[in-house]
Amino acid sequence: MSPRALVTGGAGFIGSHLTDELLHCGWRVRVLDDLSTGRRGNLAHLDGKAGLTFFSGSATDPELVEPLVAESDVVFHLAAAVGVRLVVEQPVRTLSTNIRATELVLEAAARHRVKVLVASTSEVYGKLDVERFAETDDLVLGPTHKSRWSYAASKIIDEHLALAYAREKDLQVSVLRLFNTIGPRQTGQYGMVVPRFVRQALSGAPITVYGDGTQRRSFTWVGDTVHAMIALAQHPGAAGEVFNVGHTKDTSIGELAQMVKRQTHSRSEVRCVPFAEAYDTAGFEDMQRRLPDTTKLRKLIGYRPTLNLPAMLEAIVTYQRAELGREVREGVVRHLQGRTSRGSGVGTIPSSFRG
């Protein structure tokens, strides 16, 4: 019998790639997503695929969550409010969605004895000032009047809930702290830096670096994140543990902008934008460095990053070029249909849109 997975947030960037890989490995997959930040198009290539069922709805809905968890062997809990811009602009949604959904999933999993992987984030380390973040390090957040920290706070509560269920209810649950996962299908709409830079570069717009660009981040290939998730779901030694999942090398955001410019052969200027202007809020705080210690993950499942940043960017640029081309073609079709509906006949396609 094929193992059964529930992927909450499965129409999102990481969730859709996880769904791909689970199906490829022979799992039966149910996806639950309310499409608030995920996209049905992320799963369009799987329409009609045997073993996949999509449910439109929220992971905060107990009437949906309970039966889906009960019929699963493993729950990959990825559903969350994500992205710095969304967090800053909608802190109530961030806190209520993230905490309530995790609580419901864990409650149902404990009742039905179902294994759970909870996706957390490197954001929980906050302003901790060390060279590499380890799972046992202290977590250092800013003050509560700055909504920037609400996402990290909600994920810390998620982690405490998960580990409490592991101890008190003997639930098989693992927590994964993800470090800047990137790849095709990721959108820059909610503040994700790599797709935003690539889009700006391809369209000839200024590549906007928030802050002074000296802050450093590690970037993880989505395939590596997904493989780690599946491996941990099947490893008995992962239960009740927290794991960093990320790349072992970092780069500055300023360097990233220049790399994107070179990879896209763009003439865009690189422009630094103050955080207060980027997020329309005073006193925005950011972490200067975020690099994981992945020793624990490597020892348990042999984890090693497979791609360097230039190779990741090459794949993302190729994907974004295709997406922009599709959007242009769809825009031309809508334009021509609009002209036809107004009785002006079908015009010619502008030369800049041909090919």
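Let me start with a single residue. Leaving aside residues up to four places away in sequence, S252 touches G213, T214, Q215 and R216. S252 belongs to strand β12, which covers residues 250-252. Is S252 buried or exposed? Its relative accessibility is 8%, so S252 counts as buried, the cut-off being under 20%. Please keep in mind that this is a predicted model.

Now the chain as a whole. The secondary structure comes to 11 helices and 14 strands. There are 355 residues, and a compact globule of that length would have a radius of gyration near 20 Å; the chain has 21 Å, so the two agree. Along the principal axes, the C-alpha atoms fill a box of roughly 70 × 45 × 40 Å. Buried residues account for 49% of the 355.

Next, contacts. Take the contacts between residues at least 6 apart in sequence: 79% of these join residues at least 24 apart.

The largest nonpolar core has 52 residues. Which of them touch the most other members? Those are L18, L22, F76, V194, F197, M229 and L256. Helix α7, residues 222-233, gives this core its largest share, namely seven residues.

Back in the largest core, I will take L22 as an example. Not counting residues up to four places away in sequence, what does L22 touch? The list is A5, V7, W27, V29, F76 and I230. F76 is also one of the residues with the most contacts to other core members.

Two residues deserve a look at their backbone. Most residues other than glycine have a negative phi. L35 is not a glycine, yet its phi is positive, at about 60°. L35 is found in the loop between β2 (28-33) and β3 (52-56). With a relative accessible area of 31%, L35 is partly exposed. The second case is H265, also not a glycine, where phi is positive and near 55°. H265 lies in the loop between α8 (253-264) and β13 (270-273). Its relative accessible area is 69%, so H265 is exposed; the cut-off there is over 50%.

D61 is found in the loop between β3 and α2, the latter being residues 62-70. Why does D61 count as partly exposed? Because its relative accessibility is 29%. D61 and A80 are 19 residues apart along the chain, and their C-alpha atoms are separated by 13 Å.

The other position is P236, in the loop between α7 and β11 (242-245). At 68% relative accessibility, P236 counts as exposed. P236 and P184 are 52 residues apart along the chain, with 31 Å between their C-alpha atoms.

To recap the residues by accessibility: S252 is buried, L35 is partly exposed, D61 is partly exposed, H265 is exposed, and P236 is exposed. That is where I will stop.

Methods. Residues are numbered from 1 along each chain as its sequence is written. This is a predicted model: local features need pLDDT of at least 70, side-chain atom pairs count only at pLDDT 80 or more; totals for chains, interfaces and linings use all residues. Side-chain values use heavy atoms; hydrogens and water are left out. Helices (H or I, at least four residues) and strands (E, at least two) are DSSP runs, numbered from the N terminus. The radius of gyration is taken over C-alpha atoms; the globule rule is 2.2 Å times the number of residues to the power 0.38. Buried means under 20% relative accessible area, exposed over 50%, partly exposed in between (1.4 Å probe, protein chains only). Contact means heavy atoms within 4.5 Å. A nonpolar core is a set of buried Ala, Val, Leu, Ile, Met, Phe, Trp, Tyr and Cys residues joined through side-chain atoms within 4.5 Å.
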